Amino acid sequence: MHRLSRRCSSLSAVLRHAAAPRRHLAVPLLSSISSQVGEEDAKARWYSVLSSEKSRNYQNLKKDLFLGKRYESTAAESAESNSTPSERYEYQAEVSRLMDLIVNSLYSNKEVFLRELISNASDALDKLRFLGVTEPELLKDAIDFDIRIQADKDNGVISITDTGIGMTRQELVDCLGTIAQSGTAKFLKALKDSKDAAGDNNLIGQFGVGFYSAFLVSDKVTVSTKSPKSDKQYVWEGEANASSYTIREETDPEKLIPRGTRLTLHLKRDDKGFAHPERIEKLVKNYSQFVSFPIYTWQEKGYTKEVEVDEDPAEAKKDEEDGKTEKKKTKTVVERYWDWELINETQPIWLRNPKEVTKEDYNEFYKKTFNEYLEPLASSHFTTEGEVEFRSILYVPAFAPTGKDDIINPKTKNIRLYVKRVFISDDFDGELFPRYLSFVKGVVDSNDLPLNVSREILQESRVVRIMRKRLVRKAFDMILGISMSDNRGDYEKFWENFGKHLKLGCIEDRENHKRIAPLLRFFSSQSEEQLISLDEYVENMKPDQKDIYYIAADSVNSAKNTPFLERLAEKDLEVLFLVDPIDEVAIQNLKSYKEKNFVDISKEDLDLGDKNEEREKEMKQEFGQTCDWIKKHLGDKVASVQISNRLSSSPCVLVSGKFGWSANMERLMKAQSMGDASSLDFMRSRRVFEINPDHPIIRNLDAAFKTNPDDQDALRAIDLLYDAALVSSGFTPDNPAQLGGKIYEMMGMALTGKWSASSGQFHPTGTQPHVPETVEAEVVEPAEARTQK
């Protein structure tokens, strides 16, 4: 851990200046502290000083000046107090092209300017640390290696200071006067040429284009730098709308620094919100949390203390008269002061040895990084070495996010990409992980990813493909570990939340079918309550069973009552129930598992391994003409009529063609808003009508054909039989009302005369027929009749 400097060790000094106005606090505060802690710390006062000079407007220079030509500045500039005359240089590129490239092309988000500038500061510190091994005189000042950021929200100014290698006057011209001129690149090339390069030179900054990202938010940028190789400190100044920049020697004692570089950004009017200390802290934690050097920000702090409260004179006099002596009244107040605060963690968890990291550490990092409150189901911490090297920690969440479907929207921001511990992006569209694994969360840190010049867009390359392949493999190993856990409930929870993602993988990722298939789970005819794996199905297969059978339906109840199951149930053959809309497409793309083909029992040419050719021949001879008669009557509704080998109790069934849509698939295709009606009509014509020759209804129809093939009752029975098979096989009738009428007609015929002779009379109004009331006649004797008269 990097310890905080002793600059603010005197609390009394802090308190004396706590009430000072914020914008004037930094200099007197540190001056007072330095007087108490000694001359050594007095050198550090420049850390908290923001330039108070007003912004100066330089005139734009003509673009026809010679490239790289320098000349003396204007008289107004040279007359500045405590400043030597500055020299003006032309950029080695048209400023219009430069600014257009930076603002409109390179960076998609303005806030990355701070990431780039911190990366440059880290680069400068790394260079000094490396060179200091062979040139100890560079470190003679004994100053801590750190980065300090101070923001002045009142004036819209940000200062970024590092204690790195700094730059000489010529280096300022070479590095900041040329577009995309990289001091880091030159440094690494020099190390490589001298064969002195170490294996772990994490130089992340590109002090060229990265530096110019400051103009995304700044009107004016000032670079004050002091190299340990030079006795002088130089100031580089440039403006966003200027075609040139100036360089001068710094002579103001208040602005001298012992070593390193200070960048002062004068923000644009619309971007002054970046100068809030809270905003700076948030950006540092997001992008530069794991930079290898400590980053301090200038923050307002407070502490509580008790102060005496003036007592009311009237009450005090009354207390004296009463002889009461009470303690002085006090109240608690908050005293405000400013101090440096360490923001970043210099040792990320993925760089630590996995043996030294506990499960609690992994879970805490997961919750903090991804704003989760539940612990993950599993995690994987690994390092990949070889031609591609990177470190990563992956997690499987406990639950799927609510309110959105990650399958539809692959940009889930679940993978955070770091390059040399600097956060680059979490906005990917399948570059690092395929869409169906978008639920996996984690971090990936690489030293040599092929990024574009803005380091935000991942470029497609062989390195990226290798990284993607290894990340996917580790993700599958992690999920497989959950499935093999002793706690079966863990995988049931995973499957409930992310099962659809793996099924989508069967469709999109053929290369990983062997990894996806063991993770799939389905209900079956022998396991209607508990999901089983394909491995469990294969273990339960009959010795002579060659295929894996399945049926697609809208529910388990529909699947187990389908007529397609009758013969398979008799033979005790297990059938998978595909009740999720995506199941059928996933299995069709999977095709086979452990050399066992998937077979849809609702398709024609079903082979159950018990074919009897002699019986089939006899049935065809006996019922062949009946099949032709039924086909002729049904016409284009079916492709053919055949003898069925899958029915035992049902008279008939309607099966799909070998390459046609099943009933479930047809239902799904009808539900598509952009469905093709012509394709639907073509697939419908591929249906096959199978009849059960052992059923009484079929034998009666066979007798009707042989007796009177034009009998209208027999033809109506064929129509009703087809419509009934349509419904029982899972298809939707074209005219449900017509089907209902046929059923009512057949019911009327069947029920006529069954309970009473009058039950056959039909009354359309639905009212009961009027039956005259039966009146019993009264016999009256003649004498009584006369008496009544």
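## Basis of the model

A residue is termed buried when its relative accessible area is under 20%, exposed when the figure is over 50%, and partly exposed in between, computed with a 1.4 Å probe and protein chains only. The structure is a predicted model, in which local features need pLDDT of at least 70 and side-chain atom pairs count only at pLDDT 80 or more, while totals for chains, interfaces and linings use all residues. Residues are numbered from 1 along each chain as its sequence is written, and side-chain values use heavy atoms, with hydrogens and water left out.

## Overall architecture

The chain contains 26 helices and 24 strands. These elements are DSSP runs numbered from the N terminus, with helices being H or I over at least four residues and strands being E over at least two. Of the 789 residues in the chain, 48% are buried.

Accessible areas come from the Shrake-Rupley method with a 1.4 Å probe, and for residues only the protein chains shown count as cover.

## Salt bridges

A salt bridge requires a side-chain nitrogen of Lys or Arg within 4 Å of a carboxyl oxygen of Asp or Glu. A search of the whole structure returns 30 salt bridges. One of them pairs K305 with E335, whose closest N and O atoms are 3.2 Å apart. This pair links distant parts of the chain, with K305 in strand β9 (residues 295-308) and E335 in strand β10 (residues 330-342), 30 residues apart. K305 is partly exposed, at 31% relative accessibility.

A salt bridge also joins R488 and E536, with the closest N and O atoms 3.9 Å apart. Because R488 lies in helix α14 (residues 488-508) and E536 in helix α16 (residues 534-539), the pair ties together parts that are 48 residues apart in sequence. Both ends are partly exposed: R488 has a relative accessible area of 37%, and E536 has 27% relative accessibility. Elsewhere, the side chains of D572 and K542 meet in a salt bridge at 2.9 Å, N to O. D572 lies in the loop between α18 and β19 and K542 in the loop between α16 and β18 (547-552), so this pair ties together parts that are 30 residues apart in sequence. K542 is partly exposed, with a relative accessible area of 28%.

## Backbone geometry

Most residues other than glycine have a negative phi. K420, which is not a glycine, has a positive phi of about 55°. This lysine lies in the loop between β13 (415-419) and β14 (422-425). K420 is buried, its relative accessible area being 18%.

D572, already described as a salt-bridge partner of K542, also has a positive phi, near 60°, in a residue other than glycine. The loop that holds D572 runs between α18 (566-570) and β19 (575-578). D572 is partly exposed, with a relative accessible area of 41%.

## Surface patches

Patches are made of residues with over 30% relative accessible area and no salt bridge; like charges are joined within 9 Å, and nonpolar side chains (Val, Leu, Ile, Met, Phe, Trp, Tyr) within 5 Å. Lys and Arg count as positive and Asp and Glu as negative, whereas His and the chain ends are not counted. The place of a charge is taken as NZ of Lys, CZ of Arg, CG of Asp or CD of Glu.

A patch of positive charge on the surface brings together K469, R473, K474 and R515. Helix α13 (residues 462-483) gives the most to this patch, with 3 residues. K474 is found in helix α13 and is partly exposed, with a relative accessible area of 31%. A patch of negative charge is formed by E613, E614, E616 and E618. E618 is found in helix α20 (residues 613-634) and counts as partly exposed at 48% relative accessibility. The surface also carries a nonpolar patch of I743, Y744, M747, L751 and W755, with about 590 Å² of accessible area together. Within it, L751 lies in helix α25 (residues 736-751) and is partly exposed, with a relative accessible area of 34%.
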